Amino acid sequence: MSAQVAVLPGQPVAIAPDVHWVGALDPGLRQFDIILRTANGTSYNAYAVRGTDGVAVIDTVKAEFADDFFARLWACCRPDEIRAIVLNHLEPDHTGALPALLAAAPQARVYLSTAAMRMLKGIVKDGIDESRLVVVDEETRVDLGGRSLRFLYTPYLHWPDTQCTWVEEDGLLFSGDVFGCHFCDARLFNDRVGDFRFSFDYYYQHIMRPFREHVLSALDLIEPLPIRLIAPAHGPVLRDSPTRYVHRYRQMAAPLLANEAGEREKTLLVFYISAYGNTARMAQAVRDGAEGVEGVRVSLYDLVSGDSVPFVDLIEEADGLVFGSPTINGDAVKPVWELLSSLALVKVKGKFGAAFGSYGWSGEAVGMIEDRLRGLKLRVPRPGVKVKLIPTDEELDACRALGRELAEHLVGRSAPRHIDFTAPGALTA
Amino acid sequence: MPKAQVTFEDIGVTVTVPAGTRLIEVSEKVGAGLTYGCREGECGTCMMKIVSGGEHLASPSVLEDKILKENYASAGSRLACQAQVLDGHIVVRPG
């Protein structure tokens with residue numbers, strides 16, 4: 001076995017004086033959380049932090065790996081020494097061993113965020129003595145004797161409950177999933193393991209990117225800290241130049257595309273696909289209507305010849321999105337759904353959206369796209385335009401009006417409207 | 001029929017609705033930017049800001065109050081899935 005291997009069966013790994021990695025390796029994993037692939041497994045990182053007055057356990061592991069976790073944990077402390085159990089993140093890959101740990105260390109108190117408190121009952125199904133739970137904030141300090149734990153409020157990285165734990169005396173940041181990656185290497189430390197740069201970036205792009213604003217807020221809290229080591233919940237322990245990974249997050253959280261529109265311009269993207277040219281003509285009319293509004297830059301894209309990956313980057317930076325699709329067999333067409341289903345990777349909440357399309361006999365596509373846009377938390381302030389087969393001049397005018405009105409929303413110049421919902425059945429229609 | 005008016009400030013739309021209507025019943029119909037998660041007053045996703053007219057909403061239930069506190073809601077925040085309009089004119093925006 002290589003002398004560089006840090007992780008041995010049943011043995012904890014010292015990452016700092018009296019601080020141990022007590023996690024588990026899962027080298028066989030190839031797919032994580034359905035949405036992520038990994039070429040060489042992952043690790044579930046948990047840690048034991050010892051002070052003169054007791055031990056804190058930070059996170060646990062996936063349930064199937066509980067034996068590995070407890071073997072390592074009991075090799076570095078007794079159950080009755082555990083004073084604190086810190087839950088940086090409640091996802092099952094970090095809380096699988098929690099019920100058994102709670103039972104093994106009944107004196108330990110559990111430190112968690114407000115949002116985690118609400119989720120906990122879904123994790124510990126047998127219930128938990130609420131007097132053991134401590135909801136933390138920025139003022140909370142857990143004194144272990146000689147070293148203490150503090151907590152950074154870093155929600156939505158990548159669940160509402162997520163937080164980081166900071167040991168000021170040693171410059172240790174237990175960052176949860178932040179700065180983590182799915183990369184399994186028994187050499188454990190970033191200066192020993194194989195090249196994990198791709199895994200690190202891939203993890204950010206798929207897990208953290210939809211929460212970019214929260215990443216930036218978290219970085220504002222993390223960057224001023226005098227960090228000596230970052231101990232994430234997955235992947236290598238970052239002891240060599242740990243702030244390099246903080247900087248990398250700052251880089252990745254910047255927009256991928258330079259802003260080509262002026263600072264004060266809004267951008268509207270019109271995506272369409274057309275079987276017989278009718279939806280295409282509608283798309284051009286939507287674009288023409290929008291272009292008449294000063295301060296809005298409009299782009300038109302035919303989805304039949306486009307790859308959705310670069311479109312996702314464009315959409316992340318855009319202010320408004322319009323989708324045009326014919327209705328085929330009662331549905332919008334696949335390229336539209338492919339693009340719409342790719343948007344979970346980026347934040348689209350609050351953008352303006354609309355839909356249009358030509359149809360033969362039923363025309364469900366427009367309503368289905370609008371529902372999807374609402375589901376993605378876009379604002380859909382104008383009803384879409386549906387046209388039976390070939391659009392007339394009046395129907396193309398309606399498309400131009402849709403484009404114009406949506407563009408006016410983007411620049412805050414939409415005319416106030418009033419809608420009366422007091423007629424019987426109006427609210428349920 | 002007792003009525004109330006609600007203005008969704010982010011899209012410039014005002015609706016007239018019967019008294020007793022919950023904002024969730026109408027905000028999605030007009031495409032406002034209020035977003036929902038559980039729709040049952042538990043997750044706090046639909047927290048919104050009452051710009052004016054908060055007195056024209058029914059008082060928050062014990063459940064709504066609890067969720068607002070847990071989410072560190074600022075004064076004038078309500079859950080759109082819970083808040084019921086009574087009368088008058090209320091102006092809201094996503095928050």
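User: How far apart do the C-alpha centres of domain 1 and domain 2 of chain A lie?

Analyst: The C-alpha centres of these two domains of chain A lie 42 Å apart. Domain 1 covers 13-252 and domain 2 covers 266-410, with bounds that come from an automatic or database domain assignment. This is a predicted model, in which local features need pLDDT of at least 70 and side-chain atom pairs count only at pLDDT 80 or more, while totals for chains, interfaces and linings use all residues. Residues are numbered from 1 along each chain as its sequence is written, and chains are lettered from A and ligands numbered from 1 in the order in which they are written.

User: How many residues of domain 1 of chain A are in contact with domain 2?

Analyst: In chain A, 4 residues of domain 1 are in contact with 4 residues of domain 2, where contact means that C-beta atoms, placed from the backbone, lie within 7 Å.

User: Switching to helix α8 of chain A, why is it called largely enclosed?

Analyst: Helix α8(A) is largely enclosed by the rest of the structure because 10 of its 14 residues are buried, that is, each has 20 or more other C-beta atoms within 10 Å of its own. Among the buried residues are Arg281(A), Met282(A) and Val286(A), and the buried residues of α8(A) pack against elements including β17 (266-272), β20 (352-359) and α12 (393-410) of chain A. Helices here are DSSP runs (H or I, at least four residues) and strands are runs of E (at least two), numbered from the N terminus.

User: And where does chain A touch chain B, in terms of elements?

Analyst: The contact takes 19 residues from chain A and 22 residues from chain B. On the chain A side, α4 (114-123) and β22 (417-420) are the elements that give two or more residues, and β22(A) gives the most, with 4 residues. Strand β22(A) is also joined by 4 bridges to β2 (residues 13-18) of chain B, and the two run parallel; strands pair if DSSP finds at least two bridges between them. Within that pairing, Thr16(B) is the bridge partner of Asp420(A).

User: Last topic: how many residues has the largest nonpolar core?

Analyst: It has 74 residues, and Tyr47(A), Ala56(A) and Ile85(A) are among those with the most contacts inside it. Helix α5 (residues 197-208) of chain A gives the most to this core, with 5 residues. A nonpolar core is a set of buried Ala, Val, Leu, Ile, Met, Phe, Trp, Tyr and Cys residues joined through C-beta atoms within 7 Å. A second, separate core has 48 residues, including Leu321(A) and Val387(A).

Technical notes. A residue is buried if 20 or more other C-beta atoms lie within 10 Å of its own, exposed if 12 or fewer, and partly exposed in between; C-beta atoms are placed from the backbone. Two residues are in contact if their C-beta atoms, placed from the backbone, lie within 7 Å.
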